[in-house]
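Subject: Handover of a structure and its findings

Dear colleague,

Please find below the structure that I am handing over to you. My findings follow it, arranged by topic for a first reading.

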Amino acid sequence: MDSIAPYVMGRIKTHPQGLFDLCSLMSTSAASFIAATLQHTLPPLFANSERDNLETISKEIGMRLHDMFLNYASKILAQ
């Protein structure tokens with residue numbers, strides 16, 4: 001998951017169908033997949049300043065961008 005999730009979430013804005021296809025394959029909702037993989041997806045997205053993708057993720061799971069950062073700051077800053 002730590003390899004697939006960042007790849008898929010890094011393309012959520014330009015290729016959202018990839019997320020939905022993966023979730024369909026895994027029999028889970030997009031929000032559940034995103035929430036379960038935030039620790040893997042947020043560090044590279046913040047490091048690369050991918051604000052569009054971060055905002056899309058934020059809307060999908062109903063969490064504000066700064067709350068995502070604060071909740072996962074140790075993971076984000078460790079990378």
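**Ser58 and its surroundings**

Setting aside residues up to four places away in sequence, Ser58 touches Met63, Arg64, Leu65 and Met68, where contact means heavy atoms within 4.5 Å. This is a predicted model, in which local features need pLDDT of at least 70, side-chain atom pairs count only at pLDDT 80 or more, and totals for chains, interfaces and linings use all residues. Residues are numbered from 1 along each chain as its sequence is written, and side-chain values use heavy atoms, with hydrogens and water left out.

Ser58 belongs to helix H4; helices here are DSSP runs (H or I, at least four residues), as are strands (E, at least two), numbered from the N terminus. The residue is buried, at a relative accessible area of 12%. On this scale buried means under 20% relative accessible area, exposed over 50%, and partly exposed in between (1.4 Å probe, protein chains only). The side chain of Ser58 also reaches the backbone oxygen of Met63 at 2.3 Å. Such a polar contact is a pair of N or O atoms within 3.5 Å; within protein, one must be able to donate a hydrogen and the other to accept it, and residues adjacent in sequence count only if both atoms are side-chain atoms.

**The nonpolar core**

Which residues have the most contacts inside the largest nonpolar core? They are Met9, Leu19, Phe33, Ile34, Ile57 and Met68, in a core of 18 residues. The elements giving two or more residues to this core are helix H1 (4-9), helix H2 (16-26), helix H3 (30-47), helix H4 (51-61) and helix H5 (65-71). H3 gives the most, with six residues. The term nonpolar core denotes a set of buried Ala, Val, Leu, Ile, Met, Phe, Trp, Tyr and Cys residues joined through side-chain atoms within 4.5 Å. In soluble globular proteins, nonpolar side chains tend to be buried together.

Ile34 is in contact with Met9, Ile12, Leu19, Ile57, Glu60 and Ile61, leaving aside its neighbours within four places in sequence.

**Helix H3**

H3 has a kink of about 75°, centred on Leu38; the bend at a residue is the angle between axes fitted to the seven residues ending there and the seven starting there. The buried residues of H3 are Ala30, Phe33, Ile34, Thr37, Leu38, Thr41, Leu42, Pro43 and Leu45. Their cover includes H1, H2, H4, H5 and helix H6 (73-78).

Phe46 also lies in H3, but this residue is partly exposed, with a relative accessible area of 22%. Apart from its neighbours within four places in sequence, Phe46 is in contact with Leu54, Leu65, Phe69 and Ile76. The C-alpha atoms of Phe46 and Glu60 are separated by 17 Å, the two residues being 14 residues apart along the chain.

Leu19, Leu22 and Cys23 are buried in H2. Seen down the axis of H2, these buried residues fall within an arc of 100°, so they line one face of the helix; the arc is that of the directions from the helix axis to the C-beta atoms. The face turned away from the buried side of H2 carries the exposed residues Ser24 and Leu25. H1 and H3 are included in what covers the buried residues of H2.

Ser27 is placed in the loop between H2 and H3, and its phi is near 55°, a positive value in a residue other than glycine. Ser27 counts as exposed, at 69% relative accessibility. Ser49 is found in the loop between H3 and H4; although not a glycine, Ser49 has a positive phi of about 55°. Ser49 counts as exposed at 61% relative accessibility.

**Salt bridges**

Side chains of opposite charge can pair when their charged atoms come close. A salt bridge is a side-chain nitrogen of Lys or Arg within 4 Å of a carboxyl oxygen of Asp or Glu, and by this rule the count comes to two.

- Arg51 pairs with Glu55, the closest N and O atoms being 2.8 Å apart. Both lie in helix H4, four residues apart, about one turn of the helix. Arg51 is exposed at 52%, whereas Glu55 is partly exposed at 30%.
- Arg64 and Asp67 meet through their side chains at 3.0 Å, N to O. Arg64 is exposed, with a relative accessible area of 52%, and Asp67 is partly exposed, with 23%.

Yours sincerely
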